[in-house]
Amino acid sequence: MRIMATKSTAVTKAKSTAIATMDYSDEVAALAKRLQTSTADRIRTSNAKIFEFPDKSEAEFIDCIVVDFVAFNRYYENGYDEGNIVPPNCFAIGLEPAGLVPSDNSPDKQCASCAGCAMNQFKSAPNGKGKACGNTRLLAVIVPPDPDDVAVGDDLSELPLYTISVSPTALTSFDSHVNKVATHFKKPVRTVITRISFAQDSKYASLRFSAVAPAGQELEVVAQSRLEEARKRLAVEPDVSAFSPANDAKVKTPVKRAGVRR
């Protein structure tokens, strides 16, 4: 027979009152900060063709595992300026580039869908060449240590998760790399060691991607175990609380695409 333990009314009341009066404000504030898009986990690139990690260490190339990635479209009314980061007017995040729609949280949504948006068409950029809206990929990566530095029994499950942005000029290289891995290995890109380097024939820091080797069973397991974490991080929207229209212009009402009659 199972005997149920009993608690005094006084103890029950004390615990109930303590829980009811606990102050969670600091923890809630800290949680909000954790969910905002932060630069604390970002690997930056420079026109000097150097990667800079959050701890200020540098590298000319990175051998990493791309745990996951998303398509990320961003439109800035005055263009993107790395020296003066401001919230985007309109943005969209999703797994499939062709089906992207602007987030409801975009402060100046340009259209009901990215495909039908005038800012997402070629020659819409101020220079008349590319798109006014930057089509990018955002990657979540882990950087394994050099095999010579790994001892038997070392735990690789807590490797830092970094983000890195792929500019429009590098999309062809990245998408081709993902397709090659899927075709050759019949597996997703997180199952290989990906080398990220810079195009030597480009004036700007345009990234290039190639497969170095299979990741191996242990790192495959690690990458798989970090997949949910990576997807949550990649889905975090930019903080647009400080947005203000350029030149105090009015925010436009989103343009809806006309229905097609059949």
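**Figure 1. The structure has one cavity of 30 Å³ or more.** This is a predicted model, in which local features need pLDDT of at least 70 and side-chain atom pairs count only at pLDDT 80 or more, while totals for chains, interfaces and linings use all residues. Residues are numbered from 1 along each chain as its sequence is written, and side-chain values use heavy atoms, with hydrogens and water left out. A cavity is a set of points, on a 1 Å grid over the protein atoms alone, where a 1.4 Å probe fits but cannot get out; lining residues have an atom within 4 Å of a point. Points are joined across faces, edges and corners, and a volume is the space filled by probe spheres set on them. The largest cavity holds about 90 Å³ of space. It is lined by 14 residues, and Cys-90, Pro-102, Cys-114, Cys-117 and Cys-133 are the closest to its centre. Strands β4 and β5 each give two or more residues to this lining. (Helices, H or I of at least four residues, and strands, E of at least two, are DSSP runs numbered from the N terminus.) By class, the lining has nine nonpolar residues, four polar and one charged; Ala, Val, Leu, Ile, Met, Phe, Trp, Tyr, Cys and Pro count as nonpolar, Asp, Glu, Lys and Arg as charged, and the others, Gly among them, as polar.

**Figure 2. Strand β5 (residues 90-94) runs antiparallel to β4 (residues 62-75).** Five bridges join the two strands; strands pair if DSSP finds at least two bridges between them. Ala-92 in β5 is the bridge partner of Asn-73. Four of the five residues of β5 are buried, so the strand is largely enclosed by the rest of the structure. (Buried means under 20% relative accessible area, exposed over 50%, partly exposed in between, with a 1.4 Å probe and protein chains only.)

**Figure 3. The largest pocket holds about 1,800 Å³ of space.** A pocket is an open set of grid points with protein on both sides within 12 Å along at least five of seven lines. Among its 50 lining residues, Arg-74, Tyr-80, Thr-136, Ser-167 and Pro-168 lie nearest its centre. Strand β6 supplies the largest share of the lining, five residues. The lining divides into 24 nonpolar, 17 polar and nine charged residues.

**Figure 4. The second largest pocket holds about 370 Å³ of space.** Pro-144, Pro-145, Asp-146, Pro-147 and Leu-219 are the closest to its centre, out of 18 lining residues. Helix α4 (217-225) gives the most to this lining, with three residues. By class the lining has 13 nonpolar, two polar and three charged residues.

**Figure 5. The largest nonpolar core has 24 residues.** A nonpolar core is a set of buried Ala, Val, Leu, Ile, Met, Phe, Trp, Tyr and Cys residues joined through side-chain atoms within 4.5 Å. Ile-43, Phe-51, Leu-139, Val-141 and Leu-207 touch the most other members. Helix α3 gives the largest share of this core, four residues. Another core, of 20 residues, lies apart from it and includes Phe-91, Ile-142, Leu-159 and Ala-215.

**Figure 6. Phe-69, Phe-174 and Phe-209 form one aromatic cluster.** There are four aromatic pairs in the structure. (Rings of Phe, Tyr and Trp, the last by its six-membered ring, pair if their centres lie within 6.5 Å; planes under 30 degrees apart count as stacked, over 60 as edge-to-face and the rest as tilted.) The ring centres of Phe-69 and Phe-174 are 5.0 Å apart and their planes are at 85°, so this pair is edge-to-face. Because Phe-69 lies in strand β4 and Phe-174 in helix α3, the pair ties together parts that are 105 residues apart in sequence. Phe-174 is buried, with a relative accessible area of 0%.
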